[in-house]
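Please find below my notes on the model under review. They are set out as numbered points, to be read alongside the coordinates.

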Amino acid sequence: MHPADAPPTEGLLGHPAPPVEPTVVVPLAPPVPETKGLLAPEPQPTPEPVPASSARLDTGRADTGRLDTGRPEAERPVRRRSVAEDTLTPEEWRAAGYTPPTGIPVPDLTAGAPGEAPWPDRMRTLLRTPMSERPAFERTAREMHPSASVTRNVPRILDLTLRIGELLLASGEAAEDVEAAMLGIAHAYRLDRCEPQVTFTLIGISYQPSLVEPPVTADRVVRRRTSDYTRLDAVYELVADITAEKVTVNDAYRRLAVIRRNRHPYPAWFLALTTGLLAGAATFLVGGRMDDKAWLVFASAFVAAVLGDRLASALARRRLPEFYQFVAAAMPAAASGIVLSLNDWGLRGSVVITGGLFALLPGRALVAAVQDGLTGFYITAAARLLEVVYLVAGIVIGVMVILYLGVGFEANLRPDESLAGVSYPPVQMVAAMLLTLAFATLLQTDRRTLALVTVNSGIGWASYGALVYNAGVNPIAATGVAAGLVGLFGQLMARYRNGSALPYVTAAIGPLMPGSALYLGMLAFAQGHSSAGLVSVFRAAAIAMALAVGVNLGGEIARLFLKLPVGAERPSLYPAVPRRAAKRTRGF
């Protein structure tokens with residue numbers, strides 16, 4: 001059958017309109033005798049019946065229920081209007097922004113079977129399209145079978161969608177990917193006309209069965225945020241099975257309960273030691289030396305980071321906000337650096353302080369904030385950027401208090417100690433990969449993913465070192481290019497594993513974080529050099545922005561050369577709907 005001759009699909013109003021019913025004439029009551037009084041009705045003549053063929057609907061008047069037959073209004077009969085006459089024309093429906101009751105012709109829709117392409121690609125196409133223009137994917141043969149159940153528990157489906165969206169958002173996933181997952185779940189359970197909404201702490205979804213039925217809306221508040229990428233991979237796998245229509249609603253609830261009950265893969269004591277390992281590896285990264293003093297600096301940073309982690313955990317058990325936890329966690333590393341700098345032995349106390357900063361900088365929140373801003377979720381991006389500002393402010397306050405004390409005691413702090421650059425490539429390469437391994441462990445990354453994350457980090461740091469050390473490129477530009485490669489390979493690894501790109505990207509950018517620039521700014525402020533401090537702070541902000549933008553750009557480049565969304569394989573019958581931009585503005 002030719003596509004143009006295909007029957008129309010179900011529109012926003014439900015099924016196509018039924019055939020026009022014949023006109024039913026209802027005679028008026030006989031005239032009432034005239035009575036006196038203020039509310040007495042006036043006598044009305046009995047109208048003659050009018051055939052249905054001689055009447056037409058006057059849609060240009062305010063009262064569309066009147067019949068325009070060329071006779072006086074008092075002589076017009078009252079009749080019931082059919083369903084078809086009670087709607088607008090298809091052109092008027094489209095002008096109003098709704099799908100006409102007869103549906104959209106099949107050739108205008110995008111085809112595809114569930115699970116044929118990764119659900120983020122398929123759902124982004126729908127997500128960035130207005131509901132009135134949103135294509136409807138073909139249903140599976142199982143669902144179109146006459147014996148298939150057509151009952152849908154809408155509140156239960158919406159609740160499942162919100163619970164999964166809450167887990168994704170709490171794990172640091174970008175707002176666009178959270179909305180795409182929610183839209184995919186609702187679509188898989190035959191709730192096509194859904195609109196998900198995601199902000200920093202509130203997620204909601206609205207389902208409108210038709211224009212003649214009230215919409216169903218539900219929302220959920222995200223109160224706790226966790227860094228468990230093992231749980232995130234399990235949620236991604238669940239969403240992939242749901243969008244492929246392999247899981248029922250009850251089975252999805254059971255699997256979700258199992259995901260929530262699963263404990264973190266690493267115990268608390270092991271994570272505390274990993275924090276120390278991260279700070280110690282950062283001392284080799286920024287110091288770049290392998291000598292006797294380097295191991296003493298490593299041990300000092302290790303002990304200070306473990307002590308800061310335990311102190312922050314104690315404050316967390318006391319229900320203190322995260323801001324104060326970062327203030328407390330930053331103090332032991334700064335104090336250790338000051339102690340090492342109170343003599344002329346050259347123990348590189350500045351390197352200890354910088355290594356402690358690498359263990360605290362919120363790279364995950366920074367990348368998610370910039371990605372939300374680039375994809376058009378400005379409210380969520382602003383909230384996440386404000387979160388980053390507060391966390392960094394807590395780190396700065398904790399370090400600055402100790403630095404002021406150290407400057408008062410005339411500590412020999414030398415900022416050039418933490419500016420080795422890329423002077424010892426083999427040592428710094430091993431340190432960068434070890435730092436990434438520790439960072440990925442702190443993020444509760446699955447053991448099978450740790451090797452790929454470490455390799456991706458090596459690619460990024462090697463690119464950065466080659467650009468800065470061999471090509472003489474500006475460090476900010478080199479950071480952006482290296483982050484772009486990390487985002488590109490992270491997206492490819494995520495496609496290979498059918499999971500989220502966050503586990504492969506967030507920890508891999510750890511060695512590129514602007515720890516040294518931030519420390520230099522704080523030290524300059526503590527020593528009274530405000531101008532130099534502002535320059536270093538702005539430099540750190542520029543590096544952080546280049547890092548986040550590069551990661552996002554690398555992921556977008558990967559999507560350009562990967563498999564197109566569903567429906568692109570048969571353009572002659574089903575033209576593909578392109579992935580729309582987040583906002584189509586042209587400077588006005």
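1. Val407 counts as partly exposed because its relative accessibility is 31%, where buried means under 20% relative accessible area, exposed over 50% and partly exposed in between (1.4 Å probe, protein chains only). Val407 belongs to helix H13 (residues 378-408); helices (H or I, at least four residues) and strands (E, at least two) are DSSP runs, numbered from the N terminus. Setting aside residues up to four places away in sequence, Val407 touches Ala526 and Gln527, contact being heavy atoms within 4.5 Å. Val407 and Leu523, 116 residues apart in sequence, have C-alpha atoms 9.2 Å apart in space.

2. On provenance, this is a predicted model, in which local features need pLDDT of at least 70 and side-chain atom pairs count only at pLDDT 80 or more, while totals for chains, interfaces and linings use all residues. Residues are numbered from 1 along each chain as its sequence is written, and side-chain values use heavy atoms, with hydrogens and water left out.

3. The chain contains 19 helices and five strands. Of its 588 residues, 47% are buried. Among contacts in the chain with a separation of 6 or more, 74% are between residues 24 or more positions apart.

4. Gln491, in helix H16 (residues 475-497), is buried, with a relative accessible area of 9%. Not counting residues up to four places away in sequence, Gln491 touches Ala501, Gly555, Ala558 and Arg559. The C-alpha atoms of Gln491 and Val505 are 8.1 Å apart, and the two residues are separated by 14 positions in sequence.

5. The largest nonpolar core has 114 residues, of which Ile164, Tyr189, Ile242, Val399 and Leu403 touch the most other members. A nonpolar core is here a set of buried Ala, Val, Leu, Ile, Met, Phe, Trp, Tyr and Cys residues joined through side-chain atoms within 4.5 Å. Helix H4 (residues 154-170) gives the most to this core, with 10 residues. A second, separate core has six residues, including Leu366, Val388, Ala544 and Ala548.

6. Which residues does Ile242 contact, leaving aside its neighbours within four places in sequence? They are Ile164, Ile185, Ala188, Tyr189, Val247 and Ala252.

7. Helix H6 (residues 229-243) packs with helix H7 (residues 249-261) at an angle of about 175 degrees, their axes being 10 Å apart. Axes are lines fitted to C-alpha atoms, for helices over the stretch in contact, and angles run from 0 to 180 degrees between N-to-C directions. H6 is therefore roughly antiparallel to H7, a term for angles over 145 degrees. In H6, Arg231, Ala234, Val235, Glu237, Leu238, Asp241 and Ile242 meet Ala252, Arg255, Leu256, Ile259 and Arg260 in H7. By class, this contact has seven nonpolar, no polar and five charged residues; Ala, Val, Leu, Ile, Met, Phe, Trp, Tyr, Cys and Pro count as nonpolar, Asp, Glu, Lys and Arg as charged, and the others, Gly among them, as polar.

8. Helix H9 (residues 292-317) and helix H10 (residues 322-340) pack at about 155 degrees, with axes 8 Å apart, and H9 and H10 are therefore roughly antiparallel to each other. The residues of H9 that meet H10 include Ser300, Ala304, Leu307 and Gly308, while those on the H10 side include Tyr324, Gln325, Ala328 and Ala329. The contact of H9 with H10 divides into 12 nonpolar, four polar and no charged residues.

Key. Angles under 35 degrees count as roughly parallel, over 145 as roughly antiparallel, 65 to 115 as roughly perpendicular and the rest as oblique.
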